[in-house]
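Subject: Handing over the model

Hi there,

Here is the structure I promised to pass on to you. Have a look at it first, and then read on for what turned up.

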Amino acid sequence: MALTRKMLREMGITDENAEEIIKAHAETVEALKGYRAENERLAGLVGELDNAKNSLAEYQTKFEALDMEKSMQAKRQAVTEMLRELHIPEGCVNSILHVTDFEKLEISEDGRLLDEDAVRSGLSDLYSGFIPRRYLYGAETASPPANSSDKGYSREDIRRMSSHEINENYQAIKQSLGVTTD
């Protein structure tokens, strides 16, 4: 039901008062129309805000995935370097990396593993079979040449000798064979 001058006259309100009431009513209606327009504009902004939140959540998920991947690569690189420092053969490094649980490892902002000594010790204990043993040997001392007269000859040695060599080493051969001649 609308507010009209006719309705106000029927109520016994004077024309002057009726004009004031209509003027106040028009202001109220205009204010309500303004509130309604503002409400519709805000509803549109809420929709845009929801879309922005969804986009932000998608980008945040992508960023976290990229950050996780970057962190995983840094951990993998750090462990690879550590395995090489332990002199593990290159063919075994990929196999070890394949079974390593990188989620348990933590990495600092400079790309180094936290508690490196414990990780290095754990790797060297766990994969000790892959670490080659390196022994240091002293230099071999030269031995003087053997005196050919003290050398004993076996029957095979004699068979391989030429007749000239047999004649040269005749006394030593006799002694090796245990032949005595008086």
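The model is a predicted one, as you will want to keep in mind from here on. Most residues other than glycine have a negative phi. His87 has a positive value although the residue is not glycine. You will find His87 in the loop between H2 and H3, where the residue is partly exposed at a relative accessible area of 43%.

Asp115 is another case to look at. Its phi is near 60°, again positive in a residue other than glycine. Asp115 sits in the loop between H3 and H4. Is Asp115 buried or exposed? With a relative accessible area of 55%, Asp115 is exposed, since the cut-off for that class is over 50%.

Now to H2 itself, which covers residues 15-85. This helix has 71 residues, and the distance from its first C-alpha to its last is 102 Å.

Which residues of H2 are buried? They are Ala18, Ile22, Lys75, Ala78, Val79, Thr80, Met82 and Leu83. Their packing partners are helix H1 (5-10), helix H3 (90-99) and H4. An α-helix has 3.6 residues a turn, so residues three or four places apart point the same way.

Next, the two helix pairs.

Let me start with H2 and H3. Their axes come within 10 Å and cross at roughly 140°. That angle makes H2 oblique to H3, because only angles over 145 degrees would count as roughly antiparallel. The crossing of this pair is right-handed. On the H2 side the contact involves Arg76, Val79, Thr80, Leu83 and Arg84, and on the H3 side Glu90, Val93, Ile96 and Leu97. Sorted by class, the contact of H2 with H3 has five nonpolar residues, one polar and three charged.

H2 also meets H4, which spans residues 116-126. The axes of H2 and H4 come within 10 Å too, with a crossing angle of roughly 60°. The two helices are therefore oblique to each other. H2 passes H4 in a right-handed crossing. Val79, Met82, Leu83 and Glu85 make the contact from H2, while Glu116, Val119, Arg120 and Leu123 make it from H4. Five of the residues in the contact of H2 with H4 are nonpolar, three are charged and none is polar.

Ile96 belongs to helix H3. Its relative accessibility is 1%, so Ile96 counts as buried, the limit being under 20%. What does Ile96 touch, once its neighbours within four places in sequence are left aside? Its contacts are then Leu83, Ile88, Tyr127 and Phe130. Pro132 lies 36 residues from Ile96 along the chain, and their C-alpha atoms are separated by 15 Å.

Leu105 is in the loop between H3 and H4, yet this loop residue is buried, with a relative accessible area of 16%. Not counting residues up to four places away in sequence, Leu105 touches Lys75, Val79, Leu113 and Val119.

Finally, Thr4 lies in the segment before H1. Thr4 is partly exposed, its relative accessible area being 36%. Thr4 and Glu19 are 15 residues apart in sequence, and their C-alpha atoms are 9.9 Å apart in space.

Enjoy looking through it, and do write back with any questions.

Best wishes

Methods: Residues numbered from 1 in each chain as written. Predicted model: local features only at pLDDT ≥ 70, side-chain atom pairs only at ≥ 80, totals over all residues. Heavy atoms only, no water. Axes fitted to C-alpha atoms, helices over the stretch in contact; angles between N-to-C directions. Helix = DSSP H or I, 4+ residues; strand = E, 2+ residues; numbered from the N terminus. Parallel < 35°, antiparallel > 145°, perpendicular 65-115°, else oblique. Left-handed = near helix turned anticlockwise from the far one by under 90°. Contact = heavy atoms within 4.5 Å. Nonpolar A, V, L, I, M, F, W, Y, C, P; charged D, E, K, R; others polar. Expected span 1.5 Å × (residues − 1). Buried < 20%, exposed > 50% of the residue type's maximum accessible area, 1.4 Å probe, protein only.
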